[in-house]
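Here's a quick tour of the disulfides in this model, plus a look at one of its sheets. Have the viewer open while you read.

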Amino acid sequence: MKSLRFFLLAMGSFLIFGSCNSNQSSGILSDSGSCDILDCPTPQTTVEGSLGIEADAGTYYQNVDQGDVIEIAGKCSDLGVRNNRIMVEVYEGEDHPDAYIDNSRSLNCENSLTPALNGQRCFWITQGRGVVDGGLEYPQCFNGRFSFSVRLGRIIRTIESAVNPAAINDDASNPRKKYMVRFKLRIQDGAISETPWNSTLIDRGVTKVTFSQETTSASHICNIKLNAYRNLFSLLDITYSGTLTREYINNPSNPIHPLHGLSLPVALFNPSKPLLYPINDGFSVVNFNMANIETPGVSGAVIPGVRHKLQFIAEDQRYDYSAVRFGGAIETSPISEELQCGYARPTIISGTVFDGNGATRNCSISLNFPSVNSGWVQWVAIKGGGGTWAENFDPTAGVHYISALQPASGPHNFIFYPNNYPGLPCAPAANCVGEYYVGARYIPNPANSWIPGDPAGAWTFEAARCPFANSN
């Protein structure tokens, strides 16, 4: 009997302690009060691991023309504690001592270098969950993710031009500073526990201008569509300006002409005179016609036979970077890629021959050419030699017939009299028998100063054929 009692007691002890150990994984026991705390802890209600929070990117990019509000998102681990909140601070520069956004203090910007931001709401909870506490808002870690948005101000330089107007906006000698956003996750499950501060940076600049174009050679039009990000109806924040270089056949390195229709010094850009105009003036950032490159409201065109090359910059006009407006260092974008349009050589529409007697015989020619406010059209006739010649052919007076320069404003018609061809007056009439080829080109110089070899456009793609057979 004693042996049986001892056996039953031993089996009971084994079942009790064996079940307690299994409770750590199976949760069979509903009451663990009889277990040793080291061997059988209370069933776990939190996730194993450590608190953590990290942004999706080490550096974000938000240029001033793309907006002032940026979302920061990332992954986090809250150990399953629902009572959590994320503390956020934003600094204008990694070395700036004071946060201008602190969601534990205010939803507004405070102590910002950009006065326009102070007092504005600068912090928002975006995706996921958040908690409101006394008018303040805190994002929460939810399903392993978090996100919030903050407002940004101007581009920050190492030496601020608002303090030192002599400061220049040069990335080598006066580098840009990044905004710093730092954040930490705090949980409260009895005692408060939190992560160390983690951070990400935001780089801010002005976007390099991109564009598309539509060139219609027949009508001498080049439409340019700049890819502007905002402010399409009011160019008060971001303005766009550019330069035009016209390359001529005999002198490709001619000076740069600003696109303002003004007599300005030769310079790459003039920030005080933006190229593009509000939509209500008939021009638009997103649809600019090269026919308006002369003076706004005055007709102009892409000149055939001349290469038109344009480049653009965007300028940040919203924030005052200098105490002297337009005299300081306005923040600008990198110079755009080069746009080229309008090279197609001019074309002859028709040539009609009147093969009469003597000096009356002639060939009437029409040219497909736009009405251009400045410059001239030059006509040349060559006897024989075929119907085409090189785009940079340079005729010589006394060998070929060269017309007086005609205004490029039109009309673009010309009557050639073979009787005027050098050395061939039509007396006797047989001297003028043969084929003549007539072409034209654009001349930019003043009529009284142009000489052969000066800048000129390319010759017509194909010359007009003017045959004269009558020898009477």
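How far apart are the sulfur atoms of the disulfide that cysteine 363 and cysteine 466 form? They sit 2.0 Å apart; a disulfide here is a pair of cysteine sulfur atoms within 2.5 Å. The torsion about that S-S bond is about -65°, so the link is left-handed. Cysteine 363 belongs to strand β23 (residues 362-368) and cysteine 466 to strand β29 (residues 464-468), so the bond ties together parts that are 103 residues apart in sequence. Strands are DSSP runs of E with at least two residues, numbered from the N terminus.

Before going on, a word on the ground rules. This is a predicted model with residues numbered from 1 along each chain as its sequence is written. Local features need pLDDT of at least 70, side-chain atom pairs count only at pLDDT 80 or more, totals for chains, interfaces and linings use all residues, and side-chain values use heavy atoms, with hydrogens and water left out.

The structure holds three disulfides, and here they are side by side:

| Pair | Sulfur distance | S-S torsion and hand |
|---|---|---|
| Cysteine 76 and cysteine 141 | 2.1 Å | about 100°, right-handed |
| Cysteine 109 and cysteine 122 | 1.9 Å | -110°, left-handed |
| Cysteine 363 and cysteine 466 | 2.0 Å | about -65°, left-handed |

Take the cysteine 76 and cysteine 141 disulfide. Cysteine 76 lies in strand β3 (residues 69-77) and cysteine 141 in the loop between β8 (136-139) and β9 (145-151), so this pair connects parts 65 residues apart in sequence. As for cysteine 109 and cysteine 122, they form a disulfide too. Both sit in the loop between β5 (101-102) and β6 (123-125), 13 residues apart.

Are these cysteines buried or exposed? Cysteine 76 and cysteine 141 are both buried, meaning under 20% relative accessible area, with exposed being over 50% and partly exposed in between (1.4 Å probe, protein chains only). Cysteine 109 comes in at 2% and counts as buried, and cysteine 122 is buried at 0%. Cysteine 363 is buried at 0%, and cysteine 466 is buried at 0% as well.

Definitions and conventions. Helices (H or I, at least four residues) and strands (E, at least two) are DSSP runs, numbered from the N terminus.
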